[in-house]
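Please look through the sequence and the model below.

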Amino acid sequence: MDEVTGSPVAPENASSSIAKKIQAIDKSSVHQICSGQVVLDLATAVKELIENSLDANSTSIEIRLKEYGSCSIEVIDNGDGIDPQDYEAIALKHYTSKIRQFNDLLEVSSYGFRGEALSSLCALSGKISISTATAAQNSLGNRLEFLPSGEIKCTTPVAREKGTSVQIEDLFRHVPVRYKEFHKNIKREYSKLLSVVQAYALISVGVRFNLSNQVGKGARNLVITTNGKPSLKENITSLFGHQQSNQVQEIEKDLGELKISGFVSKPAVGCCRGSGERQFFFINKRPVDMPKLAKQINECYRQVVPHQYPFLIINILLSTDTCDVNVTPNKRKILLHNENSILDSIKQYFEEEVCNPHLQSHTLRMINKPPEESNVYQEEDNSSRKKKISIQKTSSKDENDFMDLPLKSETNTEDKSELVQHKRPISLKQTISHWSQLSDTEVEKTSTVDIEVKNEKVASLLSSSEEAHDSCSSQTSQEFSSELDDQKDAKKRQLDSPILAGQSLCSHKKQK
């Protein structure tokens, strides 16, 4: 502070900075600065390559990662390929074949249109190469290697089928801070990548997707795959399994200024999820972020299934002049004309037709239906020879699918073991009708035979037991009588002999 004037005094080294003039940044620095805004992370880098493949009319896209993408990324497609005349401009900044002027954005229908993807990847990667061939080249293509500026470093002829392969090594190599963070949080970056690839694999019907990862020198693990089926439901099955596809219902509605289509979870217990990680939003088949719409749909489901989030795939078809996709470089945020009106109409549709418990019968019961009909099984008890009927609950079936089991009156007693081993299901109606056809004499005859057989067995058992008892009692009585006779003879011999009698008398006195 100047003591006389009271004005602040500038530092000594500030005069040089103030004296600097405003100058243009060199082109290489501008290129690196802007490229960092286009490719934000691993998911964005792969997303740009997928969009290029889809714009080239590819029906098969393969994504190969090494070390979760930290070492190398390769995207292979069977699209139209790159014409040799476009080699020089393919990786230059703002060179594109999609638009010619700004007004073309009102009618753009392709995924990419800015001409920044390959140029930004060249500036941020340690090495990038492209192998491509067109149908006219007859399986003889070229391999192009690029400088960080986007210019071609060298061209080498290669043999390959129609399509394009882009290989990137050391992503974010020329951005030191981002490069360290990228390797530090590679698992989190890989998780975001999977979600992005799933979105494109879902909406791209008729396109086969494969994503694999290789760790170290191990085998390549297949993580995501679709079969290129022509329906969205089959893509859901390929990515998330049959259980998830069975828990969703199709939605399709014309709301005037827009049309919506897709699949959502049934508003029932067991069909929704505990988090909202499987919610995909599309505008004209372009994956976008729509947090406001997601909040409204989740609120509709909470009224029917509390604390649950639906599995959601919704594609909103709008006129291209009612939405602006040129908001951010990654094109995930889109501005909509009459956004509130669009959101309100979609919310009303979900409240009245999708999440309405009065229209959805499956909201009032569990998904698994209870048993509806009973089947009868006939068993034979060897001990009592009585028919036992056991009822087993099973799913509903046609009566013609059952076979009659031979009843007791129709079989011989020798085949009873086969009845126990081979139990055949019969219907209750067939059993009743069969017994009603039997005459009274047949029933009485059957019961009489059973009683006679039982009486004969009981009589034989009783007679055999009585004979055994008589023989046993006679034997024991004879043995007892013989023992008594032996004792009497011994005592008599002692009394007759005087010597033996004296000895017995002396021993008797000593004991006293």
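## Paired strands

Strands β9 and β10 run antiparallel and are joined by 7 bridges; strands are DSSP runs of E with at least two residues, helices are runs of H or I with at least four, and both are numbered from the N terminus. Two strands count as paired if DSSP finds at least two bridges between them. Valine 248 has serine 265 in β10 as its bridge partner. β9 and β10 form a hairpin with 4 residues between them, and glycine 256 in the turn has a positive phi of about 90 degrees.

The model is predicted, and local features need pLDDT of at least 70, side-chain atom pairs count only at pLDDT 80 or more, and totals for chains, interfaces and linings use all residues. Residues are numbered from 1 along each chain as its sequence is written, and side-chain values use heavy atoms, with hydrogens and water left out.

## Strand β13

β10 is also joined to β13, by 6 bridges, and these two run antiparallel. Strand β11 (residues 279-283) runs parallel to β13, with 5 bridges between them. Asparagine 315 in β13 is the bridge partner of serine 261, and phenylalanine 282 stands opposite asparagine 315 as well.

Of the 6 residues of β13, 5 are buried, so β13 is largely enclosed by the rest of the structure. Buried means under 20% relative accessible area, exposed over 50%, and partly exposed in between, with a 1.4 Å probe and protein chains only.

## Helix α10

The buried residues of α10 are Ile342, Leu343, Ser345, Ile346, Tyr349, Phe350 and Val354. They cover an arc of only 160 degrees around the axis, which puts them on the same side of α10; the arc is that of the directions from the helix axis to the C-beta atoms. Among the elements that cover them are β9 (248-254), β10 (259-265) and β13 (312-317).

## Nonpolar cores

The largest nonpolar core has 59 residues, and Ile50, Ile63 and Phe146 are among those with the most contacts inside it. Its largest share, 11 residues, comes from helix α6 (residues 186-203). A second, separate core of 34 residues includes Val108, Phe281, Leu293 and Cys323. A nonpolar core is a set of buried Ala, Val, Leu, Ile, Met, Phe, Trp, Tyr and Cys residues joined through side-chain atoms within 4.5 Å.

## Asparagine 142

Asparagine 142 lies in strand β4 (residues 140-146) and counts as buried because its relative accessibility is 16%. Its side chain makes a polar contact of 3.2 Å with that of tyrosine 87.

Key: Contact = heavy atoms within 4.5 Å. Polar contact = N/O pair within 3.5 Å; in protein donor to acceptor, adjacent residues only side chain to side chain.
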